[in-house]
Amino acid sequence: MAGSTTLKSDKDPSSSSQPPSRAFLNTVQEITSLYSSLPPRPSIHEVEAATCIVDTVNNEEQTKLQELSMQKPPHDVPHNLFSVLQQLKKTLVMFQCYEQRKEALHVVQLEKMFHTFGDLIQKASVLVSGDTQINKFSTLVDPFEKIERDVVIVDEILVKKKEEEQEKNDFEAERGSSVKGFLSSGYESCEKLSLMKVATLLENFANNGATTLELRGKLVDQMEWLPLSIGKLSEVTEIDLSENRIMALPITIEGLKALTKLDLHSNQLINLPNSFGELISLTHLDLHANRLKSLPASFGNLINLIDLDLSSNVFTHLPETIGSLSSLKILNVETNQLEELPYTIGNCSSLSVLKLDFNELKAFPEAIGKLELLEVLTLHYNRVKRLPSTVGNLCNLKELDISFNELEFVPENLCFAVNLKKLNLANNFADLRALPKSIGNLEMLEELDISDDQIRALPESFRFLSKLRVFRADETPLEMPPKEVVKLGAQEVVQYMADFATRSDAKILPSKKKNKKGFWFWFCSIFCPQQIR
């Protein structure tokens, strides 16, 4: 028979030149069937994500356990009872961390098993084809055609790993494309993403060209931290992780060198890592509605920051490094516990909007006058008693809201802010009793509110507010002008004050002439009596 050779060993079918026996082919078939029955092997990115999660959770677990170990019992709590409480807390931490890494550990263990399967299949491939037995069977004549068809199974074993790898690559490419769409257009499904799913997405995301990560409200409530692998997104420019329950950011966030917009509002952040200052490309940062008390020392490195929202946190002060943010145009620190502003605020030379409503501010630094580009300044609901005299330097100021404070007077210097259009001085209650005499200098003023103050008369210069269209004085005991006039509208008040000034001038002028005549009569009667006669 063509191509036939002598049998090498009856005990080793793979080393024989004879056609393989039925038992041999059945064994190969069973190996192939078993391998084919396995579920899909985890992708490289899934394994990397799982490994990253295990490391992340382990680090968080150790940190929390160390923090608990450092706690000391209150004076009136027995040590043994406090020890039980600590053990409960530690056990809860370990349980929560176990739940967090359970899915990741499953993937890691699955990959180890597939590695074992792969080694066994490789060994079977070597045993079956080590002596190029398949090529020797290619010359078999027709009686062995059935056997030859069966031997093709061996070929499948040899190429199976290559085919699987190619299919896996195609699958990853397809998933990478879908992940790109998922992250750039927003995830429409209501399904919440587990830590494992997020980590897998980040691994895939790091290998495609997408630049926008959108996970607003998409993380499971139990996810309090992000995988370390987020630091791999070196090409991303926009990230939205708002409306989740994230408590901490990993130090690896410093790897997001291209990031320009970061939205973390409505989370549970307590602090930011010092590496946060490495996000030097950042221009828009939203941190409102968290639990932040302070900013890292490196925060001043964000010199390209334009829009910063720190509202609805628990800040009692801002760091002096805030003055390094020379590009900052919008700063929102509403609804905190601020008692003062750093003098370095005056170095934020690009600032145009400063919102400080609902704080505990009692005063303003003189440096505020350096903000020559400032257009909007709101101080609603604070405890400010007076404005600095430098407020008159704010030549571009268009809106000033200092309602619901303890303002005692408005400095005359404010009237040098000639571009002011909206001025709210309402609800300073018993403290504010007069407007600045030169308020008429604010010729661009369109809205003025002095409701619930103790002002009884408007200054005469009020008549020059020709553009005033809204004037409110509810619950203010105004006598000049009368309340009936105030109810008619802003321009009626302006006209009334103009008419009042005209009447006042008319009364003063005759008096001046009379006094002038009397003076000359008196002068001449003494020094030129003959001329009088």
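The entries below go from the whole chain to single residues.

**Entry 1. Ground rules.** I am working with a predicted model, in which local features need pLDDT of at least 70, side-chain atom pairs count only at pLDDT 80 or more, and totals for chains, interfaces and linings use all residues. Residues are numbered from 1 along each chain as its sequence is written, and side-chain values use heavy atoms, with hydrogens and water left out.

**Entry 2. Whole chain.** I looked up the secondary structure and found 9 helices and 12 strands in the protein chain. These are DSSP runs numbered from the N terminus (helices H or I, at least four residues; strands E, at least two). The chain has 533 residues, and 44% of them count as buried. Buried means under 20% relative accessible area, exposed means over 50%, and partly exposed lies in between (1.4 Å probe, protein chains only). I then took the accessible surface, which is about 28200 Å². Carbon and sulfur atoms hold 55% of that surface. The areas come from the Shrake-Rupley method with a 1.4 Å probe; for residues, only the protein chains shown count as cover. For contacts (heavy atoms within 4.5 Å), I checked pairs at least 6 apart in sequence: 43% join residues at least 24 apart.

**Entry 3. Surface patch.** Which residues make the nonpolar surface patch of about 300 Å²? I find Met 113, Phe 117 and Leu 120. Met 113 sits in helix H3, residues 79–129. Patch residues have over 30% relative accessible area and no salt bridge; nonpolar side chains (Val, Leu, Ile, Met, Phe, Trp, Tyr) are joined within 5 Å, like charges within 9 Å.

**Entry 4. Leu 407.** I located Leu 407 in the loop between strand E9 (399–401) and strand E10 (422–424). Is Leu 407 buried or exposed? Leu 407 counts as buried because its relative accessibility is 0%. I listed its contacts beyond four places in sequence; among them are Val 384, Leu 387, Ile 402, Leu 425 and Leu 432. Lys 385, Arg 386 and Asp 431 also touch Leu 407. From Leu 407 to Arg 433 I read 9.4 Å, C-alpha to C-alpha, across 26 residues of sequence.

**Entry 5. Salt bridges.** How many salt bridges does the structure hold? I get 12. The criterion is a side-chain nitrogen of Lys or Arg within 4 Å of a carboxyl oxygen of Asp or Glu.

I took Arg 383 and Glu 406 next; their closest N and O atoms are 3.8 Å apart. Arg 383 is in the loop between strand E8 (376–378) and E9, Glu 406 in the loop between E9 and E10, 23 residues apart. Arg 383 counts as partly exposed at 35%, as does Glu 406 at 24%.

Glu 446 and Arg 469 meet at 3.7 Å, N to O. Glu 446 lies in the loop between E10 and strand E11 (447–449) and Arg 469 in the loop between E11 and strand E12 (470–472), so this bridge ties parts 23 residues apart in sequence. Glu 446 is partly exposed at 24%; Arg 469 is exposed at 53%.

Glu 479 and Arg 456 form a salt bridge at 3.3 Å, N to O. I place Glu 479 between E12 and helix H7 (483–486) and Arg 456 between E11 and E12, both in loops, so parts 23 residues apart in sequence are tied together. Glu 479 is exposed at 52%, and Arg 456 is partly exposed at 42%.
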